[in-house]
Amino acid sequence: MNFSYTKQDGLTKKCLVRGFKVNTASTDILFDQIAKSTTFQIGSVIKISADKHLMLKAFETNANCHYLHVALYNPKAQVSITPLKKAASDLLDVENLDDLHAFLMIKGNQIASLMQISTNWCEVKIAKIFNQFGISITPTAILKNNVIQKIKEDKLKALHLNIDVDESDFVQAPSVLESIFKKEPTIRAKGISGHLTIDAKGNAELAQSIENNPAIWVNDLDRDFYIETKKGDKFYSDDLKVTKVYFTVPYGSKSINAKYAKEILEDFVAKEL
């Protein structure tokens, strides 16, 4: 086996696989949409812009699952380097520099996603990739039913958010913030970053909404928040989502071998979806 659930000798590259669902408001099935499409041709290149090209490097169908390996690359990139000679250029011309490796496995309307090189905002990347192949979807995280049930049973104590605000975000800024903005022009220009706690006691409607349907809040809020229950448990955004950490062999400095990525996705689909 070319991967592990824990870090081991040789298996040192950490990968996070995330589960998403699509077509929740329609009768479309993503697996069928892909099967019927004529655009998924191995080796095909979609020129998004002068510096962004998309290539489908692999496409396989097995056991009612599609496997896709997509690369986003810059055909003519310039990479900053530190030359040994002072007179040498510190920009290196590189052809077909990869910016993203997206390994995807589709089962029905569920997607297992393993991103390399660029790993944030997977749902946005997935939507943009499929849009280039003529399929419009809005991926949302698959949630852990046991965690959602626990929030419903234990009830909400508070919702915690990390926020960035500036003066223009307020119709009437609280007096203490108004004082800060007046005394510190730099803060007025830059804004304030901080932690916001929304207590359930003074926001009964909000608490009831989160307790009755936590799923819609996880989808609406970003990953930088957590829910605190009345029993003191804290559930961060990613704790509520179906994800799994794997370790495998590094492939270069920023990616993994495509064969091993496929094996990881097959394991995730079999055990998590």
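1. Ground rules. Because this is a predicted model, local features need pLDDT of at least 70 and side-chain atom pairs count only at pLDDT 80 or more, while totals for chains, interfaces and linings use all residues. Residues are numbered from 1 along each chain as its sequence is written, and side-chain values use heavy atoms, with hydrogens and water left out.

2. The overall picture. The chain has eight helices and 15 strands; helices (H or I, at least four residues) and strands (E, at least two) are DSSP runs, numbered from the N terminus. Buried residues make up 38% of the 273 residues. Here, buried means under 20% relative accessible area, exposed means over 50%, and partly exposed lies in between (1.4 Å probe, protein chains only). The accessible surface of the chain is about 15,700 Å², and 50% of it belongs to carbon and sulfur atoms; such areas come from the Shrake-Rupley method with a 1.4 Å probe, and for residues only the protein chains shown count as cover.

3. Contacts along the chain. A contact means heavy atoms within 4.5 Å. Among contacts between residues at least 6 apart in sequence, 64% join residues at least 24 apart.

4. The largest nonpolar core. A nonpolar core is a set of buried Ala, Val, Leu, Ile, Met, Phe, Trp, Tyr and Cys residues joined through side-chain atoms within 4.5 Å. The largest one has 25 residues, and Leu30, Ile106, Ile111 and Phe130 have the most contacts inside it. Two or more residues each come from helix H1 (30-36), strand E4 (52-62), strand E5 (65-80), strand E6 (91-107), strand E7 (110-116) and helix H2 (122-132). A second, separate core of 20 residues includes Met105, Leu114, Leu265 and Leu273.

5. A closer look at Phe130. Leaving aside residues up to four places away in sequence, Phe130 touches Leu30, Ile34, Phe40, Leu104, Ile106, Ile111, Ile135 and Ile137.

6. Is Ala77 buried or exposed? Ala77, found in strand E5, counts as buried because its relative accessibility is 5%. Beyond residues up to four places away in sequence, Ala77 touches Leu92, Asp93, Val94 and Leu97. The C-alpha atoms of Ala77 and Val94 are separated by 5.1 Å, although these residues are 17 apart along the chain.

7. Side chains of opposite charge can pair when their charged atoms come close. A salt bridge is a side-chain nitrogen of Lys or Arg within 4 Å of a carboxyl oxygen of Asp or Glu, and the structure holds nine. One of them joins Lys76 and Glu95 (3.1 Å, N to O). Lys76 sits in strand E5 and Glu95 in strand E6, 19 residues apart. Lys76 is exposed at 62% relative accessibility, and Glu95 is exposed too, at 54%.

8. A bridge across 77 residues. Lys231 forms a salt bridge with Asp154, with the closest N and O atoms 3.6 Å apart. Lys231 lies in the loop between strand E11 (225-229) and strand E12 (234-236), whereas Asp154 belongs to helix H3 (residues 145-154), 77 residues away. Lys231 is exposed at 63%, but Asp154 is buried at 7%.

9. A bridge within one helix. Lys271 and Asp267 also meet in a salt bridge (3.0 Å, N to O). They are four residues apart in helix H8 (residues 258-272), so about one helical turn separates them. Lys271 is exposed at 52%, while Asp267 is buried at 11%. Elsewhere, salt bridges that share partners join Lys150, Asp154, Lys231 and Asp233 into one network.
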